Amino acid sequence: MPESYAYYPGCSGLGTSREYELSTRKVCQALDLELREIPDWSCCGSSPAHTVDHVFSSALAARNLALVEEMGLETVITPCPSCLTNLKVAAWRMQEESFLQEVNQYLEQPCKNQVQVKSVLQALVEDVSLSRIKEQVQNPLKGLKIAPYYGCIMNRPPGIMDFDDPENPTAMDQILKALGAQVVDFPLKVECCGASYGIPRQEVVLHLSGKLLDLARVQGADALAVPCPLCQMNLDMRQNQINSFLQQDFQLPVFYYTQLMGMAFGLEHKELGLDKLCVDPLPALNRAKQRQAEEQEERARKQKQRQANQSSAPARSASE
Amino acid sequence: MRIGVFVCHCGSNIADNVEVARAAQTSLLYPDVTFATDMMYTCSEAGQSGIEQAVQEHSLDGVVVAACTPKMHEPTFRRAVERAGLNRYMFEMVNIREHASWISKDKEKNTRKAQELIHMAVEKLRQNSALTPKYFEINKRVLIIGAGIAGIQAALDCAEGGLEVLLLEKESTIGGKMAKLDKTFPTVDCSSCILSPKMVDVSLHPNITLYAYSELEQLSGYVGNYQATIRRKATYVDWDKCTGCGRCMEKCPSKKARDHFNEDLTRTTAINIPFPQAIPKRAKIDANHCLKLLKDKCGICEEVCPTQAIDYNMQDELVTAEVGAVITSTGFDLFDHSKYGEYGGGRYQDVITSMQYERLLNASGPTGGAIQRPSDGKEPKKVVFVQCVGSRDKSVDRPYCSGFCCMYTAKQAILTKDHLPESESFVFYMDIRAPGKQYDEFTRRAIEEYGTRYVRGRVAQIYPYGEGLMVRGVDTLMGCQVEVEADLVVLAVGAECSKEAPALAEKLRISTDQHGFFTESHPKLRPVETNTAGIFLAGACQGPKDIPSSVGQGSAAAAKILALFSKDMLESDPQVAQVNLPRCIGCGKCIRICPFGAIQEVQDRAGQPKAEVIETVCQGCGLCEVTCPQSAIQLNHCTDNQILAEVNALCPPKTEESFE
């Protein structure tokens, strides 16, 4: 099992999803995974390039893969689904020799296409294992009801991504359960959030993301967990816009799943960038804590009552 | 020898892509051919009498017809040749339609191929000899496998015709799928009211022996003389003593057995009678849930049974029976709706199959006929029906239309409104297929009189939303997305072949299509026959069918058998293996290879072991012929010499080549 991975942070990690980047690194550190950032990494090709020119877009990805080969590592992992898609699609296209040659014409250092690309999520579930994650849990997220939302490209297209169920993925569900959280049934796990339509046609995002928030609330979730910077931005940053567009009053924090892992591992909120979330997570966390306490109290009361009943009917228990 | 060659145009089927006149002309060059002509339709009355005339005028003693597949018209032409006074085996048929004209548009190449095929047939015919069929006695008992409505109808018709019938049913009661239905389309009459009398007739008819909870283990023999081995599965109840009083069911403490009859909507007791009108009305024990059988505890049913019918030591029993013909009417299974993950069938309690809904509607069902959704027992206000779940969808390997779902969905929508006048029903459909008598009128009634809202489009996803279900789909007529908040979703599951069908096909030596349905002998003209003589098909085992069609086929199969058994002796096919005794060395290889047990060892007068063919058992497969090291065993009408003659016609030996 490789404990040392090449790491591709992706451009969002330096900007809009700083908290994803921070928490991913912290969590991996806690799990003893060495993340070796690719020196001088560049764009993954997830710019408009892939809509214009497959070779050029793949060359952007291949430059990074070639750098990983130079590092002498077998696997590169990235937290961002967009980067993941581009790196994986490029590697898939380059399986064809002629395409690989075309790509290599752009590159100073040719890519051999021998690197395996994984999401951090896949590495956590498949390489690290849930039992090791469970071992790290110090503050189980008891009582916190989470709607797991994967976004549309984490597992699709299935032939290329080759991880988890494309229609009903469960990798993140399993991690969240290992953290002690309560995962609510969230059938729109892989629906579109509106993605980059936030800029040209904002109402599309407000409509689609609004639907996701609505279902999360209907299912009784305290918060959502996501693995994708763009989904997180649409659901979290635009939540106020959604509220005014749909005449709603959503107050649902949208965590990166790595932030929840960090919280369960007992890491400081600041280290995990919880302060960077637009919807303040504290009310929801407190609400869950309070509910948990009330339920515990209720259980204890019932337990006491049972004991009282049993002691008042000793004859029956003796006959059993 | 004087041979005549007749080349058929088959209208334009052959003539468009083969130069038939030229093919006829060139056949005059082949040895012994003294007459050749081409004909518009050789199989027509004019064509057949043309053959007869030519035989007489030209004193022919052999005939070649180059036309379509011998599967269809070989018997036709053999009869024609026989009428002309020749032996019917002095005839060869060449298939230049499926084998030449239909496979290529290259007329030149097709013609050359047709010529070569005719040449081969002529060379083979030159080696033919007259064959005479033998006659053998037959057993006029009929075995019917599967007692759903098709099997029941076939059994009653055969029995009324005076034949003895053995009726096999794998479940502990007859009735099949129809017994589970509430009402039937397009008349909305009660299903069990029209079925029950027939079930009772089966149980009372003196000519019908019913083997319920039994399966066919093995079938050997041939038409008129089959031997069937039947496995009577252990019911742990002596059915001669059981009166069907049901006291055991009242007292049985194991209440978690699967209730197949109610489509698993509820659970039943380990010892049970599936439903009150069951025939035979006898109890059986589900060994997977009986505490006595599993843990040797309990034994309550034995205590309460007033007739001491319980027998925990009962074992499966094998029964053999001699029969002359077999009808298989094993029906269909329903598509497994959980294969569509996006519909949530099997995951969400209120997404149910159409058959489960049928049980909810049924007055003898688990809710007594009240429509209550499984999750909380509430009456649904909005019901969504999704059609084509497992029909017309290549992605789940079910590209065919199941044929009856449009109709039963319309029926269920009508019944929903009858039961719950305040309710609203939606039907998502691809096309409405209602081609039967009164069928289209019926679907129109569902729409126009009962206000069912038909939405043309597929459903993309069904997911729980609050207390109900969100159904997302598309309305392709409006060109927009649709979302319906439903209380109950009914998936109109399609038909697929019964799970046991492939194994049964092997036992019966009949074929199945790519989806596992049994293949009929001819899709239009021999719909209830199979290619194995004496085995017939009825009902949905041959392809999805509604009740009227199943009943029609049941009667048709019975009529076929009554016609077959109207004779006391059957003709055996003389195209069987024959042993050349002087050449046979008695090695016994043929005996071991024969899959039908048609060869036995005998001793000649000198006491030497020899092979002997039982002609009525031999199926003419030819395995012995290729196995015999002495070429002592030869298949009549397909001898080594005949095959070599064909090969030589196709690849003439190069005489100029010298091997010295």
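Me: Is Leu252(A) buried or exposed?
Reply: In this predicted model, local features need pLDDT of at least 70, side-chain atom pairs count only at pLDDT 80 or more, and totals for chains, interfaces and linings use all residues. Residues are numbered from 1 along each chain as its sequence is written, while chains are lettered from A and ligands numbered from 1 in the order in which they are written. A residue is buried if 20 or more other C-beta atoms lie within 10 Å of its own, exposed if 12 or fewer, and partly exposed in between, with C-beta atoms placed from the backbone. Because 20 other C-beta atoms lie within 10 Å of Leu252(A), this residue is buried.

Me: Which residue lies 27 residues from Leu252(A) in sequence and 6.8 Å from it in space, C-alpha to C-alpha?
Reply: Leu252(A) sits in the loop between helix H12 (239-246) and strand E8 (254-256) of chain A; helices (H or I, at least four residues) and strands (E, at least two) are DSSP runs numbered from the N terminus. Beyond four places in sequence, its contacts (C-beta atoms, placed from the backbone, within 7 Å) include Leu213(A), Ala216(A) and Leu224(A). The residue at 27 positions and 6.8 Å is Val279(A).

Me: How many residues does the largest nonpolar core have?
Reply: A nonpolar core is a set of buried Ala, Val, Leu, Ile, Met, Phe, Trp, Tyr and Cys residues joined through C-beta atoms within 7 Å. In the largest, the residues with the most contacts are Ile175(A), Leu224(A), Leu260(A) and Val489(B). Val489(B) touches, among others, Asp350(B), Val384(B) and Ile462(B). The number of residues in this largest core is 137.

Me: What percentage of the 320 residues in chain A is buried?
Reply: Chain A has 15 helices and eight strands, and its C-alpha trace spans about 85 × 50 × 35 Å along its principal axes. Among its contacts with a separation of 6 or more, residues 24 or more positions apart account for 80%. The buried share of the 320 residues is 47%.

Me: At what angle do the axes of H2 and H3 of chain B cross?
Reply: The axes of helix H2 (residues 45-57) and helix H3 (residues 70-83) of chain B come within 8 Å; axes are lines fitted to C-alpha atoms, for helices over the stretch in contact, and angles run from 0 to 180 degrees between N-to-C directions. The contact is made by Gln48(B), Ile51(B) and Glu52(B) of H2(B) and Ala80(B), Val81(B) and Arg83(B) of H3(B). The crossing angle is roughly 40 degrees.

Note on methods. Two residues are in contact if their C-beta atoms, placed from the backbone, lie within 7 Å.
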